[in-house]
Amino acid sequence: MWVAVATVTLGVVVGLGRLLLDGRLRAKGGSMVTADTLGAPLGERATLVQFSTAFCQPCRATRRILDEVAAMVPGVAHVEIDAESRLDLVKQLDIMRTPTVLVLDSRGHIVKRASGQPRKADVIAALGQAVSHEPSHNADEM
Amino acid sequence: MRADPRALRFGAAITTVILALVLILGSAWLLALQTLAFALGAFWRQPYGLLFKALVTSSPEETEDPRPPRFAQAVGLVFAVVGLVGFLTGITPLAFTATAAALLAAFLNAAFGFCLGCEMYLMIRRLNPGRVS
């Protein structure tokens with residue numbers, strides 16, 4: 001009896017926690033991704049990288065959101081990676097779940113990261129930050 | 001064949017009730033029945049899904065890839081078998097822990113639409129990259 005009650009209570013807590021935290025974009029600096037490791041060209045101003053698997057329902061909705069955002073903001077590319085075929089990259093970037101979304105600036109620095117399906121407004125806000133990284137990077141390139 | 005998400009959710013709700021009853025009654029027989037349901041779901045057709053189809057004739061608004069829920073049924077099967085082993089060998093904590101883990105996953109699916117079993121897929125692939133599905 002107690003085990004059943006405790007398990008369902010834990011389920012409610014975990015479920016509500018997930019509803020709150022899932023898909024939050026968090027600041028995650030440090031790592032860098034190049035077009036070579038990605039296997040696709042970076043966006044001119046920013047790149048949205050999505051890790052997906054076939055075994056992933058929210059990946060479809062995430063793909064829709066990121067495609068819309070990439071179409072809306074010029075210079076932004078959406079790259080979707082099949083996690084299973086790139087386990088090397090999955091390990092390197094410590095991807096635990098799908099979908100995981102990385103927001104890269106123009107040079108491939110990881111600016112933000114979300115595990116779970118992100119909200120569209122949050123993605124747009126994160127892109128704003130990624131793009132504002134741009135001038136300093138471009139300045140030392142030129 | 002594509003999966004009907006409503007049938008999956010319905011199945012998760014029934015699974016939740018049955019697993020909760022297993023814990024409340026301490027019934028190995030009921031867990032054996034659920035184990036059979038998981039096995040059918042993993043390797044053939046989910047019996048609760050078939051029941052849903054018999055009751056509801058309208059077609060779903062959108063359908064899902066059937067592989068994730070099938071994989072999740074297989075994960076459920078593993079926990080149910082471990083639970084059964086616990087009951088049969090008299091190791092009650094093992095029986096209750098395994099059943100509670102399966103109940104947690106079924107409840108999250110029924111109440112919130114989260115599929116824990118599906119999400120474990122990438123973790124398992126990370127640990128065991130050699131196996132091709």
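Contact here means heavy atoms within 4.5 Å. Helices (H or I, at least four residues) and strands (E, at least two) are DSSP runs, numbered from the N terminus, while axes are lines fitted to C-alpha atoms, for helices over the stretch in contact, with angles from 0 to 180 degrees between N-to-C directions. The model is predicted, so local features need pLDDT of at least 70 and side-chain atom pairs count only at pLDDT 80 or more, whereas totals for chains, interfaces and linings use all residues. Residues are numbered from 1 along each chain as its sequence is written, chains are lettered from A and ligands numbered from 1 in the order in which they are written, and side-chain values use heavy atoms, with hydrogens and water left out.

To start with the overall layout, chain A has 6 helices and 5 strands, and from the N terminus on its elements go α-β-α-β-α-β-α-β-β-α-α. The C-alpha trace of chain A spans about 70 × 30 × 25 Å along its principal axes.

The 5 strands of chain A make up an open sheet with mixed pairing, in the order 1-5-4-2-3; two strands count as paired if DSSP finds at least two bridges between them. Strand 1 (26-27) and strand 3 (76-82) of chain A sit at the edges with a single partner strand each, so one side of each has no neighbour in the sheet. Further in, strand 2 (residues 46-52) and strand 4 (residues 100-105) of chain A run antiparallel and are joined by 6 bridges. One of the residues involved is Val49(A), whose bridge partner in strand 4 of chain A is Leu102(A). Helix 3 (residues 58-72) of chain A lies across strand 2, strand 3 and strand 4 of chain A, and runs at about 170° to strand 2.

Next comes the loop between helix 4 and strand 4 of chain A. Asp94(A) is found in this loop and, although not a glycine, has a positive phi of about 60°. Pro99(A) belongs to the loop between helix 4 and strand 4 as well, and a cis peptide bond with omega of about -5° links Thr98(A) to Pro99(A). Most residues other than glycine have a negative phi, and most peptide bonds are trans.

Over all chains, the structure holds 8 salt bridges (a side-chain nitrogen of Lys or Arg within 4 Å of a carboxyl oxygen of Asp or Glu). One of them pairs the side chains of Asp22(A) and Arg97(A) at 3.0 Å, N to O. Asp22(A) lies in the loop between helix 1 and strand 1 of chain A and Arg97(A) in the loop between helix 4 and strand 4 of chain A, so this pair ties together parts that are 75 residues apart in sequence.

As for the two chains, 29 residues from chain A and 28 residues from chain B take part in the contact. Chain A and chain B bury about 2700 Å² between them, with 69% of it on carbon and sulfur atoms; buried area is the accessible area (1.4 Å probe) that two parts lose on being put together, summed over both. The interface has 1 salt bridge, in which the side chains of Arg126(B) and Asp94(A) meet at 3.6 Å, N to O. Helix 1 (2-21) and helix 4 (87-92) of chain A each supply at least two residues of the side of chain A that touches chain B. Helix 1 of chain A gives the most to that side, with 12 residues.
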